[in-house]
Amino acid sequence: MLNTTVMNLINALVLIAMGSWAYFEIGSPTALIPVGFGIILLLCYKGVKNENKTIAHVAVLLTLVILVSLAGMRLPKSIEQGGVGLYRVLVMVVTSALSMVYFIKSFIEARKNRQ
């Protein structure tokens, strides 16, 4: 079942896989940016799973930054260029957006449970 922890893990693995694929295909070091974000999100996995608020907020911030970067800067370029690169970017945008949705839902639920 999907939850915040699993969605964060999926997003991290997708960022690592798609960024690595892009790097090996085109050789541009900027393709490693999602890989770096994915590795850091992977390192946040245990903290997110244990409901550590600080680590969860770091993971949310990183997810938001990569989502905005991918959707705002990379996606328009990929749409122009087309090809497989567009699909890689779309997959990363979708998993990052879903991850954000799950984080927001978990924060709302945590706030309700506190009250």
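**Entry 1: helix 1.** A reminder to myself before I start: this is a predicted model. I began with the length of helix 1, residues 4–26. Its 23 residues should span 33 Å at 1.5 Å a residue, and I found the end C-alpha atoms 32 Å apart, which agrees.

Next I asked which residues of helix 1 are buried. My list reads T4, T5, M7, N8, N11, A12, V14, L15, M18, G19 and A22. The spacing made me recall that an α-helix has 3.6 residues a turn, so residues three or four places apart point the same way. What covers the buried residues of helix 1? I noted helix 2 (33–43), helix 3 (45–49), helix 4 and helix 5 among the elements that do.

**Entry 2: helix 2 with helix 4.** I found these two axes 10 Å apart, at an angle of about 165°. Helix 2 and helix 4 are therefore roughly antiparallel, and the crossing is left-handed. From helix 2, I33, P34, F37, I40 and L41 meet A59, L62, T63, V65 and I66 of helix 4. Sorted by class, that contact has nine nonpolar residues, one polar and no charged ones.

**Entry 3: helix 4 with helix 5.** How do helix 4 (residues 53–81) and helix 5 (residues 84–114) cross? Their axes come within 9 Å and cross at roughly 150°. Angles over 145 degrees count as roughly antiparallel, so helix 4 is roughly antiparallel to helix 5. I logged this crossing as left-handed too. By class I wrote down 19 nonpolar, six polar and three charged residues for the contact.

Conventions:
Residues are numbered from 1 along each chain as its sequence is written. This is a predicted model: local features need pLDDT of at least 70, side-chain atom pairs count only at pLDDT 80 or more; totals for chains, interfaces and linings use all residues. Side-chain values use heavy atoms; hydrogens and water are left out. Axes are lines fitted to C-alpha atoms, for helices over the stretch in contact, and angles run from 0 to 180 degrees between N-to-C directions. Helices (H or I, at least four residues) and strands (E, at least two) are DSSP runs, numbered from the N terminus. Angles under 35 degrees count as roughly parallel, over 145 as roughly antiparallel, 65 to 115 as roughly perpendicular and the rest as oblique. A crossing is left-handed if the near helix is turned anticlockwise from the far one by less than a right angle, and right-handed if clockwise. Ala, Val, Leu, Ile, Met, Phe, Trp, Tyr, Cys and Pro count as nonpolar, Asp, Glu, Lys and Arg as charged, and the others, Gly among them, as polar. The expected span of a helix is 1.5 Å times one less than its number of residues. Buried means under 20% relative accessible area, exposed over 50%, partly exposed in between (1.4 Å probe, protein chains only). Contact means heavy atoms within 4.5 Å.
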